[in-house]
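Subject: Structure handover

Hello,

Here is the structure I promised to pass on to you.

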Amino acid sequence: MSKIIRVRYAFYAIVLMATWLVKDHPFFWDTVQLGSKQAHFFYENGFSSFILPVEIDSGHPPFFGAYLALMWQLFGKTLAVSHFAMLPFLLGNVYLLSKMAEWLRPDHRPSWLLLFAFADPVLASQSILVSPDIALVFFFLLGLCGILKNRKWQVVAGATGLALISTRGMMAAFVLGLFSLPAISRSTPPVFYLRQMVNRLVLFLPAALAGGGFLLYHYLST
């Protein structure tokens, strides 16, 4: 087993332990609205509408709250279930960061990237909350890895996931789209570059339709 794989499993264990230790912690700050209150609305109203009551509607797509409500329906409406619902995203972040470290600097201690990332106060603190920002990190890394390794399905899934989490996610998907564009050089024929640009940007069409469709639906409904 390679060193980076051992480090990856060590971080899996850290994430699991941290989630277990905070499993009874309440919702905090904006996760009260973006997590708890939105999830309560869907849980109590049976997903009858994706337009939230005006007092908790900040304009973001409400699908993180809907995901949390679905977890409550399946496993019980508890704080522990809410925290453990974050594990797919947290474990995914560990995996994607470790893969990026392997690709970018395979000869320069790639395991350090995981340490630096999770030592960051923002990521570390968000990782122990029931936070849509952790889902944003996951989908952003998924899309970025797809761009770096030319895996189209990852780009589509990452960008679409970003667009469905929040308006900040939509902006992050836009940044990924810009990053995916091929570099321009004087030797590149304009027609070839245009074709390459279209091939890259079409991967972001599902995200644009999902995000733009929700914003239009929300505008017309409210």
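This is a predicted model: local features need pLDDT of at least 70, side-chain atom pairs count only at pLDDT 80 or more; totals for chains, interfaces and linings use all residues.

Lys77 sits in the loop between α3 (63-75) and α4 (79-84); helices here are DSSP runs (H or I, at least four residues), numbered from the N terminus. With a relative accessibility of 36%, Lys77 counts as partly exposed, where buried means under 20% relative accessible area, exposed over 50%, and partly exposed in between (1.4 Å probe, protein chains only). Neighbours within four places in sequence aside, Lys77 is in contact with His40, Tyr43, Glu44 and Trp72, contact meaning heavy atoms within 4.5 Å.

Residues are numbered from 1 along each chain as its sequence is written, and side-chain values use heavy atoms, with hydrogens and water left out.

Gly76 belongs to the loop between α3 and α4 as well. Its relative accessible area is 23%, so Gly76 is partly exposed. Apart from neighbours within four places in sequence, Gly76 is in contact with Met71 and Val81. The C-alpha atoms of Gly76 and Met17 are separated by 21 Å, and these two residues are 59 residues apart along the chain.

Most residues other than glycine have a negative phi. Trp29, however, has a positive phi of about 55°. You will find Trp29 in the loop between α1 (3-21) and α2 (30-45), and at 70% relative accessibility it counts as exposed. Phe47 also has a positive phi, of about 55°, without being a glycine. Its place is the loop between α2 and α3, and Phe47 counts as partly exposed at 26% relative accessibility.

For a residue inside a helix, turn to Gly161 in α9 (residues 152-165). Is Gly161 buried or exposed? At 8% relative accessibility, Gly161 counts as buried. Leu136 is 25 residues away from Gly161 in sequence, and their C-alpha atoms are 7.8 Å apart in space.

Now for the whole protein. Its secondary structure comes to twelve helices and zero strands. The C-alpha trace spans about 60 × 50 × 25 Å along its principal axes. Why does a radius of gyration of 19 Å agree with a compact globule? Because a compact globule of 222 residues would have a value near 17 Å, the 19 Å of the protein agrees with it; the radius is taken over C-alpha atoms, and the globule rule is 2.2 Å times the number of residues to the power 0.38. Buried residues make up 45% of the 222 residues. Of the contacts with a separation of 6 or more, 68% are between residues 24 or more positions apart. The accessible surface comes to about 12,200 Å², and 69% of that belongs to carbon and sulfur atoms; the areas come from the Shrake-Rupley method with a 1.4 Å probe, and for residues only the protein chains shown count as cover.

On a 1 Å grid over the protein atoms alone, a cavity is a set of points where a 1.4 Å probe fits but cannot get out, a pocket is an open set with protein on both sides within 12 Å along at least five of seven lines, and lining residues have an atom within 4 Å of a point. Grid points are joined across faces, edges and corners, and a volume is the space filled by probe spheres set on the points.

- The largest pocket has a volume of about 220 Å³. Its lining has 14 residues, with Met170, Ala173, Phe174, Phe204 and Ala208 nearest its centre. Both α10 (167-180) and α12 (205-221) supply at least two residues of this lining.
- The structure holds two cavities of 30 Å³ or more. The largest cavity has a volume of about 40 Å³, and its lining includes Leu34, His60, Phe64 and Ile165.
- The second largest cavity holds about 30 Å³ of space. Among the residues lining it are Thr19, His83, Met86 and Ile128.

Enjoy exploring it!

Best wishes
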